[in-house]
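Please consult the sequence and coordinates shown below while reading.

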Amino acid sequence: MKFEKEILCIGAGYVGGPTMAMIAHKCPRYRINVVDINPEKIAQWNSNRLPIYEPELDEIVSGVRGRNLFFNTDIGAGIRAADIIFVSVNTPTKTFGAGAGMAADLQYVEKTARQILEYSESSKIVVERSTLPVRTAQAMERILISDKPGVKFEVLSNPEFLSEGTAINDLENPDRVLIGSQQTKSGLKARDVLCQIYENWVPRGRIITSNIWSSELSKLVANAFLAQRISSINAISSLCEATDANVDEVARAVGLDSRIGPEFLNASIGFGGSCFKKDLLNLVYLFRNYGLDMEADYWEGVILINENQKDRFVMNMLRNMFNTLAGKKICVFGFAFKANTGDTRATPALTVAKKLMAEKAEVMITDPRALGNAKNDLQDIAGRYKLVDDPYEAARGCHAIAIMTEWKLYRTLDYKKIFKSMQKPAFIFDGRNIADHDKLFKIGFNVFPIGKAKMVHF
Ligand SMILES: NC(=O)c1ccc[n+]([C@@H]2O[C@H](COP(=O)([O-])OP(=O)(O)OC[C@H]3O[C@@H](n4cnc5c(N)ncnc54)[C@H](O)[C@@H]3O)[C@@H](O)[C@H]2O)c1
């Protein structure tokens, strides 16, 4: 069969895999090739055990894989065949040299651009899908200057806004698709080609276009605003705990103001995941780079509040468990950075587990999807911990439970049974405010929510 378009995605991670599966699902006339430097990951994409857990992803992939979606490691062949190349490689925080701990590490993006230049034998549209600092497209364009006759590249910015755990729904019904291009004739033409791909399933009104720099910056700003909402309500949660106000009641009253809105106002242990902190750091670095220090300090505060929330959580455990955790068994419910994913990148659970181990507690960790990643995250960490599949087994004999991930499962467990199997007095610290606190208190637990009065029996 002759396909209408040949699409390549470089980077088969949390973004590349689901995004390309959705395009393949919605556009049977296009052939989609996803490549990665990691052969193990590609083998997993070609197996019945995908490298990432995401609700509904297995069904979508199995419907299109081998039909118009292909995973392989032949990057050169993929580049040669493609009309359009999506770049979805990782852009972690730099860990070395200038800007270490703040700036984005662009080595993978740059390597990808050089590979595209090396293998291309015809003109291509190159789409930045990774989250990049504003003006990265300029660097890409400068690398992608070809001396091969008839080979020209047009760079577009098309940031991904999906949220892990709801990626399939986000890709199928996006709030918006953003496409940034150069405002030249060829830039606008390339933009229209990309618009047409999305028009296969996204209403035209939700596909918005802008200049390329606005598009790059919008992604960083969107994540900064989301993270800021979380830190804002978390900052208020400390004041609620100090004053006997209830953070849920405050959030409800505030969120009903239509100018503010109710979303993202749940107080919690804080945000995690591979993006929010990295993108905020990147934004702060950009501000500093342009000499905008007051603005940099303002956004850095969002990160500091997030770190403080985890410190506060562990200090609260320590204080309320009679000022010592040494030798105590603490059960951590959930290791994924959020529900419905196995992703543990920058998960608050790891920070909390490390702090508990530093207090010489023994930590029992359970999670329905993330124990594989937890094992890797913890392998070099000194301290006593166990990974346990069954939450009832994990909690047995423990002095306290710390809820770290908002898995639905942790709302519906038989807490009477759990209470009976624990050391007394039994404590529960709900870092996600998801459990039924009144019920837990009646069972006999001493309950410590976030941003609400504690409920204790002594
Ligand atoms: N994870 C999310 O929820 C999310 C959401 C929106 C945007 N983003 C952004 O998307 C980008 C990718 O994120 P991710 O979570 O998918 O990362 P990831 O680490 O899961 O995947 C990136 C993949 O790129 C591969 N890779 C790196 N260099 C390569 C090269 N030269 N050739 C081929 N493959 C290469 C890696 O092996 C890896 O499999 C990042 O910039 C991130 O900020 C992520």
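This is a predicted model: local features need pLDDT of at least 70, side-chain atom pairs count only at pLDDT 80 or more; totals for chains, interfaces and linings use all residues.

Strand β13 covers residues 427–430. Phe 427 and Phe 429 point one way from this strand, whereas Ile 428 and Asp 430 point the other way. In a regular strand, side chains alternate between the two faces of the sheet. Each of the four residues, Asp 430 included, is buried.

β13 pairs with two strands. Strand β12 (residues 400–403) runs parallel to β13 and is joined to it by four bridges; within this pairing, Ala 400 stands opposite Phe 427. Strand β14 (residues 446–448) is also parallel to β13, and three bridges connect the two.

## The β-α-β unit

Helix α18 spans residues 437–443. Together with β13 and β14, helix α18 makes a β-α-β unit, and this unit is right-handed.

## Nonpolar cores

The largest nonpolar core contains 54 residues. Those touching the most other members are Ile 23, Ile 32, Ile 85, Val 126 and Val 127. Helix α1 (residues 16–26) is the greatest contributor to this core, giving five residues. Apart from this core lies another one of 48 residues, which includes Cys 331, Met 404, Trp 407 and Ile 418.

What does Val 127 touch, not counting residues up to four places away in sequence? Its contacts are Ile 84, Ile 85, Phe 86, Val 87, Leu 156, Asn 158 and Leu 194.

Key
Residues are numbered from 1 along each chain as its sequence is written. A residue is buried if 20 or more other C-beta atoms lie within 10 Å of its own, exposed if 12 or fewer, and partly exposed in between; C-beta atoms are placed from the backbone. Two strands pair if DSSP finds at least two bridges between them. A crossover is right-handed if, with the strands pointing away from the viewer, the path from the first strand over the helix to the second runs clockwise. A nonpolar core is a set of buried Ala, Val, Leu, Ile, Met, Phe, Trp, Tyr and Cys residues joined through C-beta atoms within 7 Å. Two residues are in contact if their C-beta atoms, placed from the backbone, lie within 7 Å.
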